[in-house]
Amino acid sequence: MTAEELQSLIAAGLACDHLEVDGDGRHWSAVIVSAEFEGKRLIQRHQRVYATLGARMQTDEVHALSMKTLTPAEWAASSQ
């Protein structure tokens, strides 16, 4: 899997204001900004992203995914 493919999978299942994906084919990192994260705890945000990837997480197609999950307001604040 490529970074572009993983990014497309996440974007297809989650409306993102900003999305960056980087990795080596098995170990990935992502910055995901979505209004859907409003009012959700960190674990709920991560579970939402995992849900978009479905079986790919369970079949080891995506071995590891480190995430920064932010709301648009958090993203704007961190960019200043």
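The model is a predicted one, in which local features need pLDDT of at least 70 and side-chain atom pairs count only at pLDDT 80 or more, while totals for chains, interfaces and linings use all residues. Residues are numbered from 1 along each chain as its sequence is written, and side-chain values use heavy atoms, with hydrogens and water left out.

## Overall layout

The protein has 4 helices and 3 strands. Starting from the N terminus, these elements follow the order α-β-β-α-α-β-α. Helices (H or I, at least four residues) and strands (E, at least two) are DSSP runs, numbered from the N terminus.

The radius of gyration of the protein is 12 Å, in agreement with the value near 12 Å that a compact globule of 80 residues would have. This radius is taken over C-alpha atoms, and the globule rule is 2.2 Å times the number of residues to the power 0.38. Along the principal axes, the C-alpha atoms fill a box of roughly 35 × 20 × 20 Å.

Of the 80 residues, 31% count as buried. The protein exposes about 4,700 Å², and 50% of this area is supplied by carbon and sulfur atoms; accessible areas come from the Shrake-Rupley method with a 1.4 Å probe, and for residues only the protein chains shown count as cover.

Contact means heavy atoms within 4.5 Å. Among contacts between residues at least 6 apart in sequence, 56% join residues at least 24 apart.

## The nonpolar core

In soluble globular proteins, nonpolar side chains tend to be buried together. A nonpolar core is here a set of buried Ala, Val, Leu, Ile, Met, Phe, Trp, Tyr and Cys residues joined through side-chain atoms within 4.5 Å. The largest such core has 16 residues, of which L6, I10, V21, W28, I32, V49 and L65 touch the most other members. Two or more residues each are given to this core by α1 (3-13), β1 (18-23), β2 (27-33), α2 (42-53) and β3 (64-70). Helix α1 provides the largest share, 4 residues.

I10 is in contact with C16, L19, V21, I32, V49, T52 and L53, leaving aside neighbours within four places in sequence.

## Individual residues

Helix α2 holds H46 as well as Q47. H46 has a relative accessible area of 16% and is therefore buried. Not counting residues up to four places away in sequence, H46 touches M67 and T69.

H27 lies in strand β2 and is partly exposed, with a relative accessible area of 41%. With residues up to four places away in sequence again set aside, H27 touches D22, H63 and A64. E5 belongs to helix α1 and is partly exposed as well, at a relative accessible area of 43%.

The table lists C-alpha to C-alpha distances for some residue pairs.

| Pair | Apart in sequence | Apart in space |
|---|---|---|
| H27 and Q47 | 20 residues | 18 Å |
| Q47 and T71 | 24 residues | 15 Å |

## Charges

The protein has 7 positive and 11 negative charges, and their mean positions are 9 Å apart. Lys and Arg count as positive and Asp and Glu as negative, whereas His and the chain ends are not counted. The place of a charge is taken as NZ of Lys, CZ of Arg, CG of Asp or CD of Glu.

Methods. Buried means under 20% relative accessible area, exposed over 50%, partly exposed in between (1.4 Å probe, protein chains only).
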